[in-house]
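User: Hello! I am new to this structure and would like to get to know it through a few questions. Could you walk me through it?

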Amino acid sequence: MLSKTIEAGLNKQINYEASAWYNYLAMSAWFEHANWTGFAQWMKVQAGEELEHMHRLFTFVNDRGGKVALEKIEKPSADFKQPREVFTRATEMERQNTKSIHALYAVAIEEKDYATQSHLKWFIDEQVEEEKITREIEGLLDLAGNDQSALLMLNRQLGERASKDS
Ligand code: FEO
């Protein structure tokens, strides 16, 4: 059985993952509109992964006899000017998400909720990967600078990202 504190924390994290899904979807739309279809594809796959993260937590709350409470998702920002800005926002979002998961993990330790600790370990590892990827792409965009050929190559390369189920 989940304590009310852990249940609330998990529901907040569900909202966070749903919000990440919505933000990545907005980023994908921005890229698509600007004809960066490869970057758009990368963001669409990333959005799909966030939904999967949300479902992991959703199932866990139900499995533990808790009550899922879905909250409102804020409107995502989409007033970007260039690709670098979008990935900077993505890295910021991932860092915030890492903080949120760590804070929840700390509460699970305090409450001696071993099942929640175990479940969150997957997310802790995943966040290392999530932050690394967006940070690396930021670095590649810096290297490309204003070189349109390099940007187009990167766009094509990232467009090869496929979803896990395809
Ligand atoms: Fe669900 Fe991007 O972390």
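Predicted model: local features only at pLDDT ≥ 70, side-chain atom pairs only at ≥ 80, totals over all residues.

User: Is N23 buried or exposed?

Analyst: The cut-off for buried is under 20% relative accessible area. N23 has 6% relative accessibility, so this residue of the chain counts as buried.

User: Stepping back, what is the secondary structure pattern of the protein chain?

Analyst: The chain has zero strands and five helices. Reading along the sequence therefore gives one symbol per helix, following how helices are assigned as runs. The pattern is α-α-α-α-α.

User: How many of the residues are buried, as a percentage?

Analyst: The protein chain has 166 residues, and its C-alpha trace spans about 55 × 30 × 25 Å along the principal axes. The chain exposes about 9200 Å², with 54% of that supplied by carbon and sulfur atoms. The buried share of the residues is 45%.

User: Among contacts between residues at least 6 apart in sequence, what percentage join residues at least 24 apart?

Analyst: These are contacts within the protein chain, counted with residues at least 6 apart. The part that joins residues at least 24 apart comes to 81%.

User: Which residues touch the most other members of the largest nonpolar core?

Analyst: In soluble globular proteins, nonpolar side chains tend to be buried together. Here the largest nonpolar core has 22 residues. Helix 1 (4–33), helix 2 (37–63), helix 3 (83–110), helix 4 (114–144) and helix 5 (148–158) each give at least two residues to this core. Those touching the most other members are M27, F31, F39, M43 and F87.

User: Which residues is F31 in contact with, leaving aside its neighbours within four places in sequence?

Analyst: F31 is one of the residues that touch the most other members of the largest nonpolar core. Apart from the close sequence neighbours, F31 contacts W36, F39, A40, M43, P83, V86 and F87.

User: How many residues are in the other core?

Analyst: Another core lies apart from the largest one, and its members include A18, F60, V68 and L120. The number of residues in this other core is 16.

User: Which residues line the largest pocket?

Analyst: About 180 Å³ of space lies in the largest pocket. Helix 3, helix 4 and helix 5 each give at least two residues to its lining, and by class the lining has four nonpolar, four polar and two charged residues. The residues are W36, Q82, P83, R84, L141, D142, G145, N146, Q148 and L151.

User: What is the phi of N35?

Analyst: Most residues other than glycine have a negative phi. N35 is located in the loop between helix 1 and helix 2, and it is exposed, with a relative accessible area of 62%. Although N35 is not a glycine, its phi is positive, at about 70°.

User: Is K112 buried or exposed?

Analyst: K112 lies in the loop between helix 3 and helix 4. This residue also has a positive phi, near 55°, without being a glycine. The cut-off for exposed is over 50%. K112 has a relative accessible area of 59%, so it is exposed.

User: How far apart in space are K164 and E49, C-alpha to C-alpha?

Analyst: K164 lies in the segment after helix 5 and is exposed, with a relative accessible area of 55%. Not counting residues up to four places away in sequence, K164 touches E49 and E52. K164 and E49 are 115 residues apart in sequence, and their distance in space is 8.5 Å.

User: And which residues does L154 touch, not counting residues up to four places away in sequence?

Analyst: L154 is in helix 5 and is buried, with a relative accessible area of 6%. With those sequence neighbours not counted, L154 touches F39, L140 and L141.

Conventions
Residues numbered from 1 in each chain as written. Heavy atoms only, no water. Core = buried A, V, L, I, M, F, W, Y, C linked by side-chain atoms within 4.5 Å. Buried < 20%, exposed > 50% of the residue type's maximum accessible area, 1.4 Å probe, protein only. Helix = DSSP H or I, 4+ residues; strand = E, 2+ residues; numbered from the N terminus. Contact = heavy atoms within 4.5 Å. 1 Å grid on protein atoms, 1.4 Å probe; cavity = no way out; pocket = protein on both sides within 12 Å on 5 of 7 lines; lining within 4 Å. Points joined across faces, edges and corners; volume = space filled by probe spheres on them. Nonpolar A, V, L, I, M, F, W, Y, C, P; charged D, E, K, R; others polar. Areas by Shrake-Rupley, 256 points an atom, 1.4 Å probe, with all protein chains shown as cover.
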